Amino acid sequence: MIKIKKYWDLLIRCLASNIFGLNAKEGTIVAGLMSLFTLTLHWIFLIGDYRFYMQIKNSTDFNAEQRAEYNGAVFFCIISQFVVCSGIIAVFGLFVSIWKEIYWGVGAYVIWLFLYEIMHISILFMTKEESSAFRRHTYILAWCGLILRIFMEVLWLIFLVKYTIELYKISKSADDQTRHMRPHPPKLKFAIVEEMAM
């Protein structure tokens, strides 16, 4: 039986202190850099696949069924490249949110991260492993990369959530201070008037 209380306490302790010597902001920056690095590698991987499928499609004759499979492979590469490009844009959005200290920007990145992985998993499920168009080692490599990236993102999610909570508390306390301040009337300054002798 899984001891949920034990893991919940561990998560609370992780959120309360520095993890691996990194505070929440530093961990969020490292998470963004790691995401940028893996997205760039994935993009290079997809461009190589796209070039491979385009060379095969243009160089040999196919029957209608094989042509449809290779068209599907090319379409898969194009859709995956758009997903990865949106990921790179989201990482730069994360960096701007860290720089400007916008809590909803970091929170939106956390939500986007879940949607990104769901899109990636669904794209990989749509491909057929036994298809002649998709190379088996490419398919296996894509799944291994996805699984390893998800494990790393679970670690970085702790930093992202912690930093989002910190930014939210800071913005909430700043809002409370401005809301509870009493408007004071402007102070009137009286000058001393001296009579001039004539």
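This note goes through the fold, the core, the salt bridges and a surface patch of the model above.

1. **Basis.** The model is predicted: local features need pLDDT of at least 70, side-chain atom pairs count only at pLDDT 80 or more, and totals for chains, interfaces and linings use all residues. Residues are numbered from 1 along each chain as its sequence is written, and side-chain values use heavy atoms, with hydrogens and water left out.

2. **Fold.** The chain has 5 helices and 0 strands. From the N terminus, the order is α-α-α-α-α. Helices (H or I, at least four residues) and strands (E, at least two) are DSSP runs, numbered from the N terminus. H1 spans residues 4–16. H2 covers residues 24–59, and H3 covers 64–100. H4 takes in residues 103–126, and H5 takes in residues 136–180.

3. **Contacts and burial.** Contact means heavy atoms within 4.5 Å. Among contacts between residues at least 6 apart in sequence, 81% join residues at least 24 apart. The chain has 198 residues, of which 31% count as buried. Buried means under 20% relative accessible area, exposed over 50%, and partly exposed in between (1.4 Å probe, protein chains only).

4. **Surface.** The accessible surface of the chain is about 14200 Å². Carbon and sulfur atoms account for 69% of that surface. Areas come from the Shrake-Rupley method with a 1.4 Å probe; for residues, only the protein chains shown count as cover.

5. **Core.** The largest nonpolar core has 38 residues. Such a core is a set of buried Ala, Val, Leu, Ile, Met, Phe, Trp, Tyr and Cys residues joined through side-chain atoms within 4.5 Å. H2, H3, H4 and H5 are the elements that give two or more residues to this core. H3 supplies the largest share, 12 residues. In soluble globular proteins, nonpolar side chains tend to be buried together.

6. **Core centre by contacts.** Tyr109 and Leu160 have the most contacts inside the core. Leaving out residues up to four places away in sequence, Tyr109 touches Ser35, Ala90, Val91, Leu94 and Leu160.

7. **Thr38.** Thr38 sits in helix H2. Thr38 is partly exposed, because its relative accessibility is 22%. A polar atom of the Thr38 side chain lies 3.1 Å from the backbone oxygen of Ser35. Ser35 is also one of the residues that Tyr109 touches. Thr38 and Val84 are 46 residues apart along the chain, and their C-alpha atoms are separated by 9.8 Å.

8. **Salt bridges.** The structure holds 3 salt bridges. The criterion is a side-chain nitrogen of Lys or Arg within 4 Å of a carboxyl oxygen of Asp or Glu. Side chains of opposite charge can pair when their charged atoms come close.

9. **Lys25 and Glu101.** This salt bridge has its closest N and O atoms 4.0 Å apart. Glu101 lies in the loop between H3 and H4 and Lys25 in H2, so the pair ties together parts that are 76 residues apart in sequence. Glu101 is partly exposed at 46% relative accessibility. Lys25 is also partly exposed, at 34%.

10. **Glu117 and Arg149.** These side chains meet in a salt bridge of 3.2 Å, N to O. The pair links distant parts of the chain: Glu117 in H4 and Arg149 in H5, 32 residues apart. The two side chains are also joined by a polar contact of 3.2 Å. A polar contact is a pair of N or O atoms within 3.5 Å; within protein, one must be able to donate a hydrogen and the other to accept it, and residues adjacent in sequence count only if both atoms are side-chain atoms. Glu117 is buried, with a relative accessible area of 7%. Arg149 is buried as well, at 10%. Beyond neighbours within four places in sequence, Glu117 is in contact with Leu146, Arg149, Ile150 and Glu153.

11. **Arg149 and Glu153.** Arg149 forms a salt bridge with Glu153, the closest N and O atoms being 3.9 Å apart. Being 4 residues apart in H5, the two are separated by about one helical turn. Glu153 is buried, with a relative accessible area of 7%. Salt bridges that share partners join Glu117, Arg149 and Glu153 into one network.

12. **Nonpolar patch.** Ile4, Trp8 and Ile12 make a nonpolar surface patch of about 350 Å². Patches are made of residues with over 30% relative accessible area and no salt bridge: like charges are joined within 9 Å, nonpolar side chains (Val, Leu, Ile, Met, Phe, Trp, Tyr) within 5 Å. Ile4 is placed in H1. Ile4 counts as exposed, because its relative accessibility is 63%.
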